[in-house]
Amino acid sequence: MYYATAGISELEIPNNKSLVIYISECQNKCVDCHTPFLHNKYGEILKDNFSDIFELFYNYFDVLCIMGEGKGRYKEKQEIQYYCEYAHKHNKKFALYSGRDCNIEDWMKDFDYIKIGSYKKEYGSLSSNTTNQILYKKDKDEFVNITRLFWNNKP
Ligand code: SF4
């Protein structure tokens, strides 16, 4: 997978700092996409730089957050699972921000947080209480919808 950029953010996972890595070649084609440059092959090969990025930011985040699924094929899913295992081995949590309208799938079952749902301007993003998007948090073996935490954080 290719990634466009990486950095620390407190916005993606409530009450946690995330190392967010933006994956390019997004196949979702949300009509009102706010990052259209991520539709194309853009940036560098993540596998080549992943461990360096992880190490560089290690002291500054709780959750590794992969933003997007790239081309979304079996091999991209395997790569994302590898990053999840890597995060867990190094005592970090793992989040996937999928922009697909899907349910939680089997291959995602080890992730700590999963965001699903395409971006629809009329419903708004996660911070809108009319959003179609959902953020799930794993609690033991269940995924719990915690989207409303974004609404409570509103000023
Ligand atoms: S998931 Fe939707 S909003 Fe996000 S980059 Fe892809 S097309 Fe754009």
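Biologist: What makes up the shell around the ligand, by class?

Modeller: In this predicted model, the shell has five nonpolar, five polar and one charged residues. The residues include Lys29, Cys30, Leu38, Gly99 and Tyr119. Lys counts as charged, and Gly as polar. Cys, Leu and Tyr count as nonpolar.

Biologist: What makes the 33 residues of the largest nonpolar core one set?

Modeller: They are buried nonpolar residues joined through C-beta atoms within 7 Å. Ile21, Cys65 and Phe111 are among those with the most contacts inside this core. β1 (2-9), α2 (74-89) and β5 (93-97) are among the elements that each supply at least two residues. β2 gives the most, with five residues.

Biologist: Which residues does Ala95 contact, leaving aside neighbours within four places in sequence?

Modeller: Ala95 is in contact with Glu12, Ile13, Ser18, Val63, Cys65, Phe111, Asp112 and Tyr113.

Biologist: How do you know that β6 pairs with β7?

Modeller: Pairing needs at least two bridges. Four bridges join β6 to β7, so the two strands pair. They run antiparallel. Ile114 stands opposite Tyr136 in β7.

Biologist: What about β7 and β8 (residues 142-145)?

Modeller: They also pair in the antiparallel sense, over four bridges. Tyr136 stands opposite Asn145 in β8. β7 and β8 form a hairpin with two residues between them. Lys140 in the turn has a positive phi of about 55°.

Key: Residues numbered from 1 in each chain as written. Predicted model: local features only at pLDDT ≥ 70, side-chain atom pairs only at ≥ 80, totals over all residues. Near = placed C-beta within 6 Å. Buried ≥ 20, exposed ≤ 12 C-beta atoms within 10 Å, placed from the backbone. Contact = placed C-beta atoms within 7 Å.
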